[in-house]
Structure formats: C-alpha cells, structure tokens
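Visitor: Hello! Could you walk me through this protein model, one question at a time?

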Amino acid sequence: MVTKEIQVHALFVPASFSRTGQRDMTKLMIVIHSLSGGGAERVLINLLKGLDRNVFSIHLILYERVFDYPLPDNVEVAILDVKASRNLFKLTKGFVLKIIRLALLFRRNRPDVIFSLLSSTNVAVIIAKLL
C-alpha cells in the first residue's frame, strides 16, 4: 500500500483580499478543552500538521494548560485557564466564563473559520459566537 502526504485545504473558506489585491491568510480558530491524551486531541494534532501555513493563520484556544501532544510550529495558542469541576456551582460558573472569554477572543481576532471539538466545547462556541 502506498501512502501519500496530503495538504488539507478548506473548500468553502471565505477569501478576503487586502487593499493591494493579494489574498490574505484565512484566520482559523480551533477550540478544544486541552491537549490531554485522547482521540480527538490526537486527530487535532494530525490535522494541524497537515494544514497549509501559507493559506491558514492558525489560532488554538485551550481551556486548560495540558499538553500531552507536541504542537506543530506556527500555531498561536491562547489558554483560557478555566478548570473543570464536579461542583455544580463551579461547573456552571466555569462554563459561563468560557463563553465570555471565547466571545471576547472572537470579537478581538475576528476569525474567518471557527472549528471546535467535543460537544460541550461546541455548545460554548455557538453561544459565544451569538453574543
């Protein structure tokens, strides 16, 4: 079996152009809880390795500072420092903090594409984007 290295390109990414007529890089913002050892995290690292850095400006947002997998080069990382908890009050407070901090990052950076992994992160991203 022959394997080939592939470059990942988005099919429906909005193209933006600078005043000089050159195409600007697409701002891709990826949101995940952390890079602790797991399947979604490993898939994300493989995706990051395949993305074309000439097309995408990659910003990774993590809720917690956990790096079980090494990050590829040219990936900007923002850590929200919101810890998970089993206490219902702290859990709710943490979820609201995540949404507020994500909304602020989205407004400040104005990404072209937001990609999130895992269900609770997906919900937080949707709410943050609507704010």
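Guide: Gladly! Let's begin with a term: a nonpolar patch is made of Val, Leu, Ile, Met, Phe, Trp or Tyr residues that have over 30% relative accessible area and no salt bridge, with their side chains joined within 5 Å. Please keep in mind that this is a predicted model.

Visitor: What is the accessible area, together, of the nonpolar patch on the surface formed by Val96, Ile100 and Leu104?

Guide: Take Val96 as an example: this residue sits in helix α2, residues 88-109. Its relative accessibility is 44%, so Val96 counts as partly exposed and clears the 30% cut-off. An α-helix has 3.6 residues a turn, so residues three or four places apart point the same way. For Val96, Ile100 and Leu104 together, the accessible area is about 250 Å².

Visitor: Which residues in the largest nonpolar core touch the most other members?

Guide: In soluble globular proteins, nonpolar side chains tend to be buried together. Here β1 (26-32), α1 (39-50) and β2 each give two or more residues to the largest core, and β2 gives the largest share, four residues. Of the 16 residues in this core, those that touch the most other members are Ile30, Ile32, Leu35, Leu44, Leu48, Ile58 and Leu60.

Visitor: Which residues is leucine 60 in contact with, leaving aside its neighbours within four places in sequence?

Guide: Leucine 60 is one of the core residues that touch the most other members. Contact asks for heavy atoms within 4.5 Å. With those sequence neighbours set aside, the partners of leucine 60 are Ile30, Ile32, Leu35, Leu44, Leu71, Val75, Glu76, Val77 and Ala78.

Visitor: Which elements do the buried residues of α1 pack against?

Guide: First, a check on the helix: at 1.5 Å a residue, the twelve residues of α1 should span 16 Å, and its end C-alpha atoms are 17 Å apart, which agrees. In α1, the buried residues are Glu41, Leu44, Ile45, Leu48 and Gly50. The buried residues of α1 pack against β1 and β2.

Visitor: Is threonine 121 buried or exposed?

Guide: Threonine 121 belongs to helix α3, residues 119-130. Beyond its neighbours within four places in sequence, threonine 121 contacts Val31, Ile32, His33, Tyr63 and Ser116. Its relative accessible area is 1%, and since the cut-off is under 20%, threonine 121 is buried.

Visitor: What is the N to O value for the salt bridge where the side chains of aspartate 81 and arginine 65 meet?

Guide: Side chains of opposite charge can pair when their charged atoms come close. In this model the count comes to one salt bridge. The side chains of aspartate 81 and arginine 65 meet in a salt bridge, with an N to O value of 4.0 Å.

Visitor: How many residues apart are aspartate 81 and arginine 65?

Guide: Aspartate 81 is partly exposed at 42% relative accessible area, while arginine 65 is exposed at 55%. Aspartate 81 lies in the loop between β3 (75-79) and α2, and arginine 65 in the loop between β2 (56-62) and β3. The pair links distant parts of the chain, and the two are 16 residues apart.

Visitor: What is the phi of leucine 118 near?

Guide: Most residues other than glycine have a negative phi. Aspartate 81 has a positive value, near 50 degrees. Leucine 118, in the loop between β4 (113-116) and α3, also has a positive phi, near 80 degrees.

Definitions and conventions: Residues numbered from 1 in each chain as written. Predicted model: local features only at pLDDT ≥ 70, side-chain atom pairs only at ≥ 80, totals over all residues. Heavy atoms only, no water. Patch = residues over 30% accessible without salt bridge, like charges linked within 9 Å, V, L, I, M, F, W, Y side chains within 5 Å. Areas by Shrake-Rupley, 256 points an atom, 1.4 Å probe, with all protein chains shown as cover. Buried < 20%, exposed > 50% of the residue type's maximum accessible area, 1.4 Å probe, protein only. Core = buried A, V, L, I, M, F, W, Y, C linked by side-chain atoms within 4.5 Å. Expected span 1.5 Å × (residues − 1).
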